[in-house]
Amino acid sequence: MVVFGYGSKIAGLCTIENFVIFGGAVLMGQGCRVGTWTLVQSGCRFKKDIPPYIVAAHEPITYYGVNTKVLLHNNFTEKILKHIANAYRLIYQDSASIEDILIKIEEQVPMSAEIKHIIQFVGESKLGLISR
């Protein structure tokens with residue numbers, strides 16, 4: 001299930017995973033990907049990938065934080081949310097290359113299906129990720 005707010009527009013060859021929520025008037029550029037359980041706030045425009053389990057907001061679009069409310073409402077545990085937050089702390093606050101950051105996540109964050117999905121999604125990004 002995916003929810004699209006009124007006036008959202010999606011260019012060609014895009015990938016939108018399950019349980020994504022777009023606010024109204026979101027503009028998604030060609031070839032972009034949006035990860036599962038992501039919330040994109042109203043009025044955002046983007047030409048890069050948005051990773052799973054986050055809230056993307058502002059103009060220009062940026063990582064706003066983990067999509068905690070929706071994830072808790074859908075039975076994700078506090079423990080998993082902390083692991084997801086730790087993974088994104090490394091992705092968005094570390095100045096190392098994305099390849100090195102993914103290695104750090106594998107070494108420092110307890111592995112789960114969600115963390116594996118983040119590593120896979122980020123590792124496969126061709127357009128890069130939205131910034132902080």
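Residues count as buried under 20% relative accessible area, as exposed over 50%, and as partly exposed in between (1.4 Å probe, protein chains only). Helices (H or I, at least four residues) and strands (E, at least two) are DSSP runs, numbered from the N terminus. The model is predicted: local features need pLDDT of at least 70, side-chain atom pairs count only at pLDDT 80 or more, and totals for chains, interfaces and linings use all residues. Residues are numbered from 1 along each chain as its sequence is written, and side-chain values use heavy atoms, with hydrogens and water left out.

E99, E107 and Q108 are exposed on one of them. The buried residues of α3 are I101, L102 and I105. Seen down the helix axis, these buried residues fall within an arc of 100 degrees, so they line one face of α3. The arc is that of the directions from the helix axis to the C-beta atoms. The buried residues of α3 pack against α2 and α4.

I105 also belongs to the largest nonpolar core, which has 38 residues. Such a core is a set of buried Ala, Val, Leu, Ile, Met, Phe, Trp, Tyr and Cys residues joined through side-chain atoms within 4.5 Å. Those with the most contacts inside this core are F46, I50, I84, Y88, I91, I105 and I118. At least two core residues come from each of β9 (54–57), β10 (62–66), α2 (78–93), α3 (98–108) and α4 (113–123). Helix α2 gives the most, with 8 residues. In soluble globular proteins, nonpolar side chains tend to be buried together.

Contacts (heavy atoms within 4.5 Å) were listed for two residues. Neighbours within four places in sequence aside, I84 touches Y53, V66, L71, E114, I115 and I118. With the same exclusion, A57 is in contact with Q41, C44, T62 and Y64. A57 lies in strand β9. A57 counts as buried because its relative accessibility is 0%.

E78 is found in helix α2. Its relative accessible area is 49%, so E78 is partly exposed. The C-alpha atoms of A57 and E78 are separated by 23 Å, with the two residues 21 apart along the chain. E78 and L13 are 65 residues apart in sequence and 35 Å apart in space, C-alpha to C-alpha.

F19 sits in the loop between β3 (15–16) and β4 (21–22). F19 is partly exposed, with a relative accessible area of 35%.
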